[in-house]
Structure formats: C-alpha cells, structure tokens
Amino acid sequence: MIYFYDGSKDAFLTAFLLAYNDGDATLTSGSAQLSIGSQTVFVQADFSRARRAEKRLLAIDKGSMRDLSVLLRSGDGDRDMVALDYFKFLAKTGRPVREMLAEDCVLAAAECMRRVGNEVHRFHGFVRFMETGCGALYAPISPDNDICDLLVPHFRARLPGFPFVIHDVKRKKAAVYDGEHTFLAPLDRAEIVLSAGEEKWQALWRDYYDGVNIPSRKRLKQMRGYMPVRYWKFMPEKKG
Amino acid sequence: MISESKLKILTESAKYDVSCSSSGSKRKNGGGIGNGYAAGCCHSFTPDGRCISLLKILMSNDCVFNCKYCMSRADADVPRVSATPEEICELTIDFYKRNYIEGLFLSSAVHKSPDYTMEQLLLTVKKLRTEYGFYGYIHLKGIPHAHESLVREAAKYADRMSYNIELPSEKSLKLLAPQKSRESLLLPMEQLRREKVAFQEEKHKGHFLPAGQTTQMIVGASPEKDGQIIRLTQSLYRTFGLKRVYYSSYVPVVRDPLLPDMPTGELREHRLYQADWLLRFYGFDAEELLEEDGDLSLEFDPKCAWALRNLHLFPVEVNKAPVEVLLRVPGIGARSAYKIAEARKYASLTFETLAKMRVVLKRARHFITAGGKFYGSENSAAVRGMLSSGVRTPVQMSMFADGQNALLSDFETARSALTGEL
C-alpha cells in the first residue's frame with residue numbers, strides 16, 4: 001500500500017499507525033512511482049490518533065518527537081520512509097534505539113538527522129544579513145532542509161536589538177524576529193529597501209575577502225567542499 | 001568608515017597568522033551585540049581553502065622590530081598605515097551584525113614601542129566592549145616586552161590571547177627575530193596562566209580569557225627537527241595549559257641570506273598537526289611518536305608510523321578493546337571510536353557493520369579483528385606498502401613539489417590537513 005500524507009507531524013503519526021503492520025508500506029509526502037495494481041491511501045491528520053501514537057512513542061523514548069521533528073525537516077527524497085522505518089523499529093524494540101547504529105534503519109535516521117543538524121550549523125555561519133532602510137536585517141537563504149525557524153534562536157541571542165527576517169526563498173516562508181517575538185510566516189517575495197551604507201559595507205567585505213586569501217595556495221576543491229556552490233547565491237563575497 | 005586601501009594593507013599583513021578559531025568562549029549577550037559560540041563558527045571560505053571566522057587585521061603595520069621573515073619588518077619598503085580604534089570597532093560591529101564574522105582577531109606590528117602598541121590594542125578592545133557593547137569573540141595578540149599591567153588589563157576584555165613563540169628554538173629566535181627574546185614571549189604566557197588560575201579560584205565576576213591562550217611557530221625557516229618541535233609543543237601544553245599550538249609552514253615573502261628560498265612542504269605542517277592531535281586527544285606522548293633528533297615520517301601519518309613500529313600490540317578486537325586502545329588504531333578517529341563503543345553494547349560488530357557505520361577500514365583493517373575475523377594482511381611489508389602515502393624521502397619531496405601539492409589537493413587529505421583530524 002502507498003500512503004500519501006502532507007508532511008506534517010500529525011499526519012505522519014496517523015499514517016504511522018495505519019502502516020504499522022503493513023510490511024509492504026510506502027510512505028511519501030511527495031510523489032511516488034505507481035505500479036499496476038498498487039493501492040493508495042491519502043492520509044489526513046487525525047488529531048486523536050496522532051496523540052495516541054505520540055504518547056506511545058514518548059513512553060518508549062523521550063526524545064522521539066524531537067527526532068521526528070528533525071526528520072520531517074529533511075530535504076532528502078527518502079526521508080518519509082527513513083522516518084517510518086525508524087519509528088517502526090523503535091516501537092517494536094520497546095526502548096530507545098538511538099545508539100544501535102549497527103541497525104540499517106537507525107543508521108539511516110541518524111545520518112538524515114545529522115545532515116539537518118549540520119546544515120543548521122553551517123547556516124549559523126553562511127546567513128548574510130543586509131541592513132534595510134529601517135535598520136532591520138534581512139537575509140534570503142535557500143537551504144536543502146526546512147530549517148529557517150531553527151536559525152532564529154541563535155541570531156536572536158546575539159542580535160537582540162535588531163529585528164530580522166530570515167527568508168527561505170525556496171519554501172517561500174520566513175522566520176521573523178520583530179524585536180520581541182519570533183514567528184513563521186509565508187512569504188513569496190520581499191521588497192527590500194537597503195540602507196544608505198549597505199552597498200559600501202558589502203564592497204568592503206569583498207575587499208577583505210580578497211585580501212585575506214593567499215593566492216599561492218589555491219585549493220578551490222577544498223573551498224567548495226566546505227562551502228558548496230549552491231550556498232553562494234546570497235553571499236556578497238561570492239557575487240560579482 | 002575605514003578606507004578600502006587601509007583595510008587591504010592591514011589585512012594583507014595579518015593573513016599569515018594561522019589561528020582563526022572562534023571556539024571556547026560562552027560569553028553571554030549583555031544587551032549589546034554578539035555572544036560567544038562555544039563550538040566556534042566558520043563564516044566563509046577563501047579560494048586557498050582556509051576559513052574566515054574572525055576579522056583578522058593589524059592595528060598598524062608600521063614596525064620598529066626587524067624580524068627577518070616578516071613582510072612588515074622595519075627595513076622593508078612597504079606603505080605604512082595605522083588604523084584608529086574607532087575604525088576597527090566600527091568595522092567589527094558592521095561586519096558582525098551582517099553575520100560576516102564571528103569576532104575580531106586583532107594584532108599589530110610594534111608601532112613606536114611595545115607599550116604604545118599594547119596600549120592601542122587595549123584601548124581598542126576596551127572601547128569595543130564598553131562603548132560599542134560588543135560581546136562577540138575577541139582574539140588579541142600579545143606584544144612582547146609590553147608592561148605586565150597592560151597585559152593583565154587586556155585579558156579582562158579578550159576571549160583569547162596569544163603570544164607567538166615564532167621559532168622553535170631560542171637560537172633561531174636570536175638569529176631571525178633579534179628584538180624578541182624567549183623571556184618576552186614566555187613570561188607573559190606564564191603571567192596569564194597564573195592570573196587565570198587565580199581568577200578562577202577567587203570566582204571573580206566578569207571574564208579572564210575564557211578561551212585561553214594559543215601560540216604559533218614558523219616551521220621550516222630554521223633547522224629544528226620535528227622531534228624538537230613536538231617536544232616543545234608537549235611542554236607548552238603541559239606547562240602553560242595552552243589551548244592550541246599552531247604551525248605555519250614557512251612561505252618566503254622576504255629574501256634574506258639567513259632564510260631558505262623554498263617554501264616548506266605543507267605535508268610537513270600537516271604531519272605536525274596530526275602529531276599535535278595525537279598529543280591532545282589520543283593519549284600519546286611525544287616520546288612515543290619520534291626521537292628528539294628525528295623528523296616525522298612523510299610516508300606514513302604519525303599514528304600509522306607508531307602502529308607499524310608496534311605491530312606486536314595488534315590486531316585488537318573491536319568488540320572488546322577499551323576505547324583508549326581503539327583510539328590508537330590507525331584510521332580510527334575519536335568519532336569512530338565513540339561510535340564503536342556505543343554500537344557494540346547492542347550487537348556484536350562485524351566488518352560489514354563497521355563499514356556501514358562509516359568507520360574507515362582502509363588502514364584499520366590491518367590492525368583489528370571484528371568478531372574474531374581478520375581482513376588485513378599478515379605480511380607486514382605488504383601492509384607498509386598499502387598504507388604508504390607514496391611520499392618517500394624529504395629529498396624526493398622538494399624535487400617533486402608539485403606532486404606533493406597534488407597529494408594535498410585531494411579533498412580528504414586536504415580536509416584533514418585543515419582540521420588535523422586523522
């Protein structure tokens with residue numbers, strides 16, 4: 001059976017209960033290759049069933065809902081199946097399985113969560129704010145995983161006096177800190193008026209970037225390994 | 001705003017300083033801008049493969065000292081500029097709030113006199129902390145021969161301070177950096193160590209170098225052997241409690257009859273970092289790694305070389321060996337050793353499971369058994385051949401400098417060269 005769901009936590013937990021004893025289950029929030037004769041179900045989030053599954057999983061492993069939240073943020077194509085297999089194994093084992101890395105499903109989930117966590121860490125460095133006319137900071141990003149709200153606590157802690165917007169242009173949403181509260185909002189396109197000094201500071205940053213490089217040691221492959229080209233789009237030092 | 005040309009000169013002169021880490025400080029935001037990030041954070045990477053974490057800049061490149069290897073030495077015919085404390089502060093704040101940098105790495109040539117220079121540095125960091133309300137990371141270079149009260153005061157504002165030991169022996173220091181003496185570098189290090197201990201014991205409010213001290217030395221500008229360098233490193237860690245010792249392989253920026261014309265191989269620098277990591281995280285002693293008058297093998301990484309000299313200790317069983325022993329297996333790093341120790345609680349590990357867990361077995365398989373099975377080679381000569389990096393002798397290395405660069409451009413090697421991970 002193929003189970004379609006919308007990628008939300010409650011729909012996942014509902015589908016998890018439905019697919020629990022289905023050894024042949026395919027769970028997906030994207031598209032799936034349908035073969036002749038395959039049966040499909042569109043799973044709607046069911047609040048009470050989701051709570052039942054949540055309660056059961058939490059009783060087994062206190063960290064299970066945190067794991068689920070991370071897994072569902074992953075941009076990996078197979079993340080739904082990875083999550084389903086992981087939670088099935090967790091429920092069948094009846095105790096936390098996080099460290100049982102010799103199991104395929106645990107390892108796959110660990111790798112998937114590691115990639116999300118790594119990208120959050122990378123973006124703590126790679127986010128580039130622009131100063132807007134009103135003094136607020138605006139940063140467009142296009143990460144592999146759905147992480148823009150996970151970046152907020154870090155920047156809020158270090159820039160408490162600056163309202164900021166971190167705009168995931170790929171997923172068309174933005175994490176906003178208005179100086180007091182943080183929230184997530186859908187955002188398609190943002191009209192930005194830059195502050196008077198912004199261009200100059202960006203130019204100065206480019207000068208610094210060029211100056212600090214040692215040209216006799218060319219290691220482009222290493223640079224791209226640490227800072228993949230897909231992240232360059234919003235970095236002033238890599239534009240122009 | 002600092003001018004473009006000034007920024008360029010002050011950056012160009014600071015860039016050969018290796019240290020760029022921003023880790024070790026948990027300074028909290030107290031209402032201004034910034035905080036410490038204990039794990040450290042890289043913000044960008046330059047085409048030379050190095051990271052930009054801190055704004056690395058000199059206060060001034062106008063130097064009264066005449067260290068032979070330095071591009072800012074008094075004799076050099078270069079344009080001289082100095083930045084004002086305000087220019088540095090403003091630059092730091094504006095870069096920081098755009099998330100370009102994790103903090104400031106402030107150094108300086110010895111401008112006018114050591115005390116004057118240290119006063120300027122102190123004035124800048126104090127201003128940055130108190131007037132500009134900056135709570136981000138600050139790494140401050142110590143100026144040798146500056147008065148100890150200035151050093152003490154600076155330590156209250158910086159997260160990390162470093163005195164560069166510059167050269168691995170007093171003799172070379174006298175020859176190449178005549179105005180710096182061993183005492184002028186080691187005494188402030190000892191002063192800061194002592195005062196930090198006192199500060200911690202008295203539980204003062206505020207900060208005193210939360211990220212500790214580091215140092216740096218140039219490798220290859222003088223004739224010291226790796227054995228001496230690693231022993232010096234070990235004693236720096238043990239006596240002064242340094243957080244890091246950085247090595248910078250010598251790059252000729254200045255011609256001088258006392259200095260070599262050729263740059264030092266980066267593979268040598270890489271091997272030193274590998275040995276440094278073994279001292280700090282893998283429980284090795286310098287004495288186990290090499291003789292005092294010897295060099296590290298270029299052909300094998302230091303752990304591999306040690307294991308090949310101690311084949312009687314291997315193979316070890318991954319399902320039973322204590323973590324300290326696993327850490328000594330070539331190819332098994334700290335992360336893999338930890339993963340093995342966790343996973344084996346639940347299931348007996350085989351080579352297949354190790355491979356799935358991404359434990360690199362290329363080297364390790366010759367030194368371990370998994371569930372009693374051994375997949376390595378019994379023939380020690382064959383093992384040597386398989387593990388050899390292909391670089392044989394130092395003579396060959398300098399002849400084929402390109403070949404050696406090609407080796408480091410391989411991503412894995414290059415990455416481990418940067419992080420020092422084995």
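A compact globule with 422 residues would have a radius of gyration near 22 Å, and the 23 Å of chain B agrees with that. The model is a predicted one. The C-alpha trace of chain B spans about 65 × 55 × 40 Å along its principal axes. Chain B contains 18 helices and 10 strands. Of its 422 residues, 59% are buried. Among contacts in chain B with a separation of 6 or more, 68% are between residues 24 or more positions apart.

**Contact between the chains**

Chain B brings 60 residues to the contact and chain A brings 53 residues. Together the two chains bury about 5,400 Å², with 60% of it on carbon and sulfur atoms. Between chain B and chain A there are 32 residue pairs in polar contact, both residues being at pLDDT 80 or more. Several elements of chain B each supply at least two residues to the side that touches chain A, including helix 1 (4–12), strand 3 (54–58), helix 2 (85–97) and helix 18 (411–419). Helix 2 gives the most, with 6 residues. By type, the residues on this side of chain B divide into 26 nonpolar, 15 polar and 19 charged.

The count of salt bridges between chain B and chain A is 9. One of the salt bridges in the model joins B:R98 to A:E198. A network of salt bridges links A:E131, A:E198, B:D94, B:K97 and B:R98.

**Salt bridges in the model**

Over all chains, the structure holds 49 salt bridges. Side chains of opposite charge can pair when their charged atoms come close.

| Pair | Closest N and O atoms |
|---|---|
| B:R98 and A:E198 | 2.7 Å |
| B:R182 and B:E170 | 4.0 Å |

B:R182 forms a salt bridge with B:E170. B:R182 lies in helix 6 and B:E170 in helix 5, so the pair ties together parts that are 12 residues apart in sequence. B:R182 is partly exposed at 38% relative accessible area, and B:E170 is partly exposed at 33%.

B:R268 counts as buried at 15% relative accessibility, and B:D226 is buried at 2%.

B:D276 and B:R280 are 4 residues apart in helix 8 of chain B, which means that about one helical turn separates them. B:D276 is buried at 0% relative accessibility, whereas B:R280 is partly exposed at 24%.

Terms used. Residues are numbered from 1 along each chain as its sequence is written. Chains are lettered from A and ligands numbered from 1 in the order in which they are written. This is a predicted model: local features need pLDDT of at least 70, side-chain atom pairs count only at pLDDT 80 or more; totals for chains, interfaces and linings use all residues. Side-chain values use heavy atoms; hydrogens and water are left out. Contact means heavy atoms within 4.5 Å. Buried area is the accessible area (1.4 Å probe) that two parts lose on being put together, summed over both. A salt bridge is a side-chain nitrogen of Lys or Arg within 4 Å of a carboxyl oxygen of Asp or Glu. A polar contact is a pair of N or O atoms within 3.5 Å; within protein, one must be able to donate a hydrogen and the other to accept it, and residues adjacent in sequence count only if both atoms are side-chain atoms. Ala, Val, Leu, Ile, Met, Phe, Trp, Tyr, Cys and Pro count as nonpolar, Asp, Glu, Lys and Arg as charged, and the others, Gly among them, as polar. The radius of gyration is taken over C-alpha atoms; the globule rule is 2.2 Å times the number of residues to the power 0.38. Buried means under 20% relative accessible area, exposed over 50%, partly exposed in between (1.4 Å probe, protein chains only).
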